[in-house]
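I opened the model to look up a few contacts, backbone angles and cores. My entries follow.

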Amino acid sequence: SARDLNIVQIRIDDTSTPGFLQQTELMETFDISQAIVIPSMKDPENTKMEVGRAAADLLQAKVSDGMRMGITWGSTIYHVVNQFSPKPLKNAAVYQLMGGTGAREPNTDGREQTQSIANKLNSKSYILQAPLIVQSKQLRNLLLKEPVISQTLTEAEQVDLAITGLGTNDPVDCNLLKIGHFSKANCRELQKKGAVGDLCGWHLN
């Protein structure tokens, strides 16, 4: 049927729901033009799927020929990419915004996400050939001097649109803990310092 082929979509928009009020409050508080609030479900994975669906629908309305897009990593981002069904674009490019995690679930790693969405858009992909976390600041600085890495990061700063999730430092749900880059002690230390989560690897208070 047309609905199965994603030609026709049926959706009910109820402007009287608490979600609509929260959307309005978010837009007014942070001075943004659009916000979408998704109700939480009992199963966190189902919540991620619904967030991914809403984000994929929004993304399909935003992409256009010649656009430069950036993408990070994570389980929610995976659901965005998985439910994204765009038309191929001309002269588009997709950049990996964060280093590789070596995730035990390869589908959630930034490299896989970048390549997957680039394939769907029939666009070029630019992979960041570096790990997300290294053992020392000195090694980090050396990697940033590598021409291929430096060029990719410089071009990634010019993206028109970025697809990123918000990570948490809660030991129960922290993805960096799940894939072995963090310990519970690392999470608690960050929480004590006021860091409630991360965006593109930068911890936020």
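I looked up Gln 23 and its contacts (heavy atoms within 4.5 Å). Leaving out residues up to four places away in sequence, Gln 23 touches Ala 35, Ile 36 and Val 37. Gln 23 sits in helix H1, residues 18–30. I count Gln 23 as buried because its relative accessibility is 18%. My cut-offs are under 20% relative accessible area for buried, over 50% for exposed and partly exposed in between (1.4 Å probe, protein chains only).

This is a predicted model: local features need pLDDT of at least 70, side-chain atom pairs count only at pLDDT 80 or more, and totals for chains, interfaces and linings use all residues. Residues are numbered from 1 along each chain as its sequence is written, and side-chain values use heavy atoms, without hydrogens and water.

Next, phi. Most residues other than glycine have a negative phi. Asp 31 is not a glycine, yet its phi is positive, about 55 degrees. I found Asp 31 in the loop between H1 and helix H2 (44–62). Helices (H or I, at least four residues) and strands (E, at least two) are DSSP runs, numbered from the N terminus. Asn 122 also has a positive phi of about 55 degrees, and is not a glycine. Asn 122 lies in the loop between helix H4 (110–121) and strand E3 (124–126).

Then the cores: sets of buried Ala, Val, Leu, Ile, Met, Phe, Trp, Tyr and Cys residues joined through side-chain atoms within 4.5 Å. The largest has 18 residues, and Leu 59, Met 69, Ile 117 and Ile 163 touch the most other members. Another core, of 10 residues, lies apart from it and includes Leu 176 and Phe 182.
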